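This report covers a ligand shell, a set of paired strands and a helix. Please view the sequence and the coordinates together before reading on.

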Amino acid sequence: MRVDVPLAKAYLLLNHGPVTLVSSRAGLRTDVMAAAWATPLDFDPPKVTVVIDRSTLTRELVEASREFALNIPPRRLADATLGVGSVSGRQSDKWSEFGLAAMPASRIGAPLVAECIAWLECRLLDEQAVEQRHDLFVAEVVAASADDRVFSGGRWHFGDAPLRRRRAVLLRRRAGRRPPPRQGVRATGRCTCGWSRAISLPGTCAH
Ligand SMILES: Cc1cc2nc3c(=O)[nH]c(=O)nc-3n(C[C@H](O)[C@H](O)[C@H](O)COP(=O)(O)O)c2cc1C
């Protein structure tokens with residue numbers, strides 16, 4: 001059944017989970033807050049946007065420094081993410097309250113959240129009218145890094161090997177080719193030596 005969604009809740013259809021942590025610094029003051037409204041904007045140079053409400057300490061620090069980092073939290077940081085999204089750095093030092101460690105970034109002054117799994121270092125573009133009108137900050141990504149246990153070779157590794165294998169099979173089928181048998185699965189094939197019998201993979205008999 002398809003149900004109507006109140007327009008005031010329409011954004012939730014897009015933002016159904018992934019939340020970033022925005023870290024910032026101005027002078028000696030640092031802060032970290034949760035932001036779900038962060039979006040890629042361009043490839044080259046890479047750009048992102050993030051909505052930062054005018055009531056937040058983060059907004060004050062980002063406006064002063066014209067920099068911020070987007071940190072991608074793993075699932076185990078769910079509670080801390082909710083915490084830094086519910087309390088203002090004006091009231092407490094959220095780093096210590098939520099057990100987060102700051103580590104230096106490579107290209108910006110804002111610290112990175114060490115417990116995260118990916119980091120985007122961002123410098124604001126000169127879009128101050130947009131910032132004031134929409135609380136929307138447009139930034140260039142000047143450095144990016146990730147934990148290679150979960151991101152390498154240009155892709156995330158979510159333990160989705162079965163899905164990726166099925167996709168590969170589908171693509172081969174569409175190209176009119178049969179998928180090779182999985183390694184270790186016996187199949188009947190003809191070896192290049194001409195010997196036809198059950199072998200692990202066609203072309204791999206011992207002759
Ligand atoms: C899951 C989640 C997502 C949030 N997303 C945003 C967001 O995209 N933009 C924003 O301005 N505030 C967002 N918030 C609220 C801020 O994180 C919150 O106002 C925070 O306390 C501000 O902290 P600060 O005053 O230390 O900067 C979010 C909060 C939560 C819990």
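The model is predicted. Around the ligand stand 20 residues, and the closest are Thr 56, Thr 58, Gly 85, Ser 88 and Gly 89. By residue class, the shell around the ligand consists of eleven nonpolar, six polar and three charged residues. Two elements, β2 (29-35) and α2 (57-65), each contribute at least two residues to this shell. The largest share, four residues, is supplied by β2.

Strand β8 pairs with β5 and also with β9. The table gives each pairing.

| Strands | Residues | Sense | Bridges |
|---|---|---|---|
| β5 and β8 | 67-72 and 118-124 | antiparallel | six bridges |
| β8 and β9 | β9: 136-146 | antiparallel | seven bridges |

Individual bridge partners can be named for both pairings. Asn 71 has Trp 119 in β8 as its bridge partner, while Ala 118 is partnered by Ala 146 in β9. In a regular strand, side chains alternate between the two faces of the sheet.

The last element is helix α6, residues 161-174. Its 14 residues span 20 Å from the first C-alpha to the last, close to the 20 Å expected at 1.5 Å a residue. Is α6 largely buried or in the open? The number of buried residues among the 14 of α6 is zero, so the helix lies largely in the open. Just after α6, Gly 176 adopts a positive phi of about 85 degrees.

Note on methods
Residues numbered from 1 in each chain as written. Predicted model: local features only at pLDDT ≥ 70, side-chain atom pairs only at ≥ 80, totals over all residues. Near = placed C-beta within 6 Å. Nonpolar A, V, L, I, M, F, W, Y, C, P; charged D, E, K, R; others polar. Pairing = 2+ DSSP bridges. Expected span 1.5 Å × (residues − 1). Buried ≥ 20, exposed ≤ 12 C-beta atoms within 10 Å, placed from the backbone.
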